[in-house]
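Reader: I have a structure open and want to go through how its parts pack. Can we start?

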Amino acid sequence: MSLLSSFKKRSTLDAAIKQVAQARKSEGSKAEQLYKGAYQGFANVIADHLIVSEALYHWGFGLLHEARTQEPKAAIEIYEDAISKFSFCLLISPNYLGAAIDGGVAFMELARISAEAAKPDLYDLAEDFFEKACAIQKGSAAYNLACVYALRGDNDACLAALQTAREFGSLPDEQNILQDDDMAGVINAPWFKAFMEEVRATPAPEKTKLKDIEINVEPGFKIEKKEDFDYYS
């Protein structure tokens with residue numbers, strides 16, 4: 001990093017810190033605006049550190065898989081930690097496709113082991129991550145969105161998402177779809193059976209290789225903070 005670049009980052013960081021101090025003394029929309037400006041400043045300071053975002057993604061990926069091996073009480077905390085890593089990764093690198101998809105997956109899996117009353121909000125948060133993934137690369141999380149819509153009973157949206165997944169080559173194999181618990185509520189529906197018949201009758205398009213695309217997309221998710229996460233613990 002050049003001396004000039006280092007100086008600019010220091011100035012940006014100092015300005016962001018001052019905005020937080022001002023926000024703490026403010027109220028309402030003014031405080032919210034100051035906080036958002038500060039967060040953007042913090043993100044700008046670390047934006048060039050791609051190795052940090054990669055480390056955060058793989059950290060979250062490890063936590064996601066560890067959570068699957070734990071009992072629900074322990075798994076909930078690990079899923080939340082994984083989500084914090086994916087969220088921080090996206091703050092640094094808004095185009096990190098893997099973090100957008102796996103962040104949504106983590107919310108979906110967290111919903112499965114959470115109380116019924118918590119599931120709708122967790123599905124909403126998963127949807128935000130999947131929509132971001134599709135903004136980064138169209139169709140990349142279309143099947144994941146179909147699962148969210150199936151769980152909500154939104155048949156029209158589910159079918160549209162399945163068609164998008166098929167169009168962009170991200171539709172899983174038939175056996176995997178039929179064994180997917182998230183799709184259990186729709187697999188016997190006439191429209192779903194008709195879709196699967198169409199899939200069987202028509203050759204599937206070549207699967208698109210997922211890749212990261214540089215795009216200026218502001219994170220569209222919000223996480224209800226329950227505790228302070230130490231990202232470097």
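Reader: Which helices do the buried residues of helix 8 pack against?
Author: They pack against helix 7 and helix 10. Keep in mind that this is a predicted model.

Reader: Which residues of helix 8 are the buried ones?
Author: Ala 157, Cys 158, Ala 161, Leu 162, Ala 165 and Arg 166.

Reader: What span should helix 8 have, and how far apart are its end C-alpha atoms?
Author: Its 13 residues should span 18 Å at 1.5 Å a residue, and the end C-alpha atoms are 18 Å apart, so the two agree. Just after helix 8, Gly 169 takes a positive phi of about 75°.

Reader: Back to Leu 162. What does it touch?
Author: Leu 162 sits in helix 8 and counts as buried, at 0% relative accessibility. Not counting residues up to four places away in sequence, Leu 162 touches Tyr 143, Ala 146, Leu 171, Met 183, Trp 191, Phe 192 and Phe 195. As for Gly 139, it is 23 residues from Leu 162 in sequence, and their C-alpha atoms are 9.6 Å apart.

Reader: And Met 183, what is it in contact with?
Author: Leaving aside neighbours within four places in sequence, Met 183 is in contact with Tyr 143, Ala 146, Cys 147, Ala 150, Cys 158, Leu 162, Ile 177 and Phe 192.

Reader: Which residues touch the most other members of the largest nonpolar core?
Author: Leu 162, Met 183 and Phe 192, in a core of 59 residues.

Reader: Which helices each supply at least two residues of that core?
Author: Helix 3 (50-67), helix 4 (72-92), helix 5 (97-112), helix 6 (119-136), helix 7 (142-152), helix 8 (155-167) and helix 10 (190-201).

Reader: Cysteines next. How many disulfides are there?
Author: The count comes to zero disulfides. For Cys 158, the nearest cysteine sulfur is that of Cys 147, 7.4 Å away. A disulfide needs the two sulfur atoms within 2.5 Å, so Cys 158 is in none.

Reader: Is Cys 158 buried or exposed?
Author: Buried, at 0% relative accessibility. Cys 89 is buried too, with a relative accessible area of 0%.

Reader: Moving to helix 3. Where do its buried residues lie when seen down the axis?
Author: The buried residues of helix 3 are Ser 53, Leu 56, Tyr 57, Gly 60, Leu 63, Leu 64 and Ala 67. They fall within an arc of 130° about the helix axis, so they line one face of helix 3.

Reader: What do they pack against?
Author: Helix 4 and helix 5.

Reader: What about helix 2?
Author: Helix 2 covers residues 28-46, and its 19 residues should span 27 Å at 1.5 Å a residue. The end C-alpha atoms of helix 2 are 28 Å apart, which agrees. Its buried residues are Ala 31, Leu 34, Ala 38, Gly 41, Ala 43 and Val 45.

Reader: Is Ile 83 buried or exposed?
Author: Ile 83, found in helix 4, is buried, with a relative accessible area of 3%.

Reader: Which residues is Asn 144 in contact with?
Author: Val 105 and Phe 130, leaving aside neighbours within four places in sequence. Asn 144 lies in helix 7. Its relative accessible area is 19%, and buried means under 20%, so Asn 144 counts as buried.

Reader: Now the whole chain. How many helices and strands?
Author: The protein chain has 10 helices and zero strands.

Reader: What share of the residues counts as buried?
Author: 42% of the 233 residues of the protein chain. The accessible surface of the chain comes to about 13,600 Å², and 53% of that belongs to carbon and sulfur atoms.

Reader: And what share of contacts joins residues at least 24 apart?
Author: 67%, among contacts in the protein chain between residues at least 6 apart in sequence.

Conventions. Residues are numbered from 1 along each chain as its sequence is written. This is a predicted model: local features need pLDDT of at least 70, side-chain atom pairs count only at pLDDT 80 or more; totals for chains, interfaces and linings use all residues. Side-chain values use heavy atoms; hydrogens and water are left out. Helices (H or I, at least four residues) and strands (E, at least two) are DSSP runs, numbered from the N terminus. Buried means under 20% relative accessible area, exposed over 50%, partly exposed in between (1.4 Å probe, protein chains only). Contact means heavy atoms within 4.5 Å. Accessible areas come from the Shrake-Rupley method with a 1.4 Å probe; for residues, only the protein chains shown count as cover. A nonpolar core is a set of buried Ala, Val, Leu, Ile, Met, Phe, Trp, Tyr and Cys residues joined through side-chain atoms within 4.5 Å. The expected span of a helix is 1.5 Å times one less than its number of residues. The arc is that of the directions from the helix axis to the C-beta atoms.
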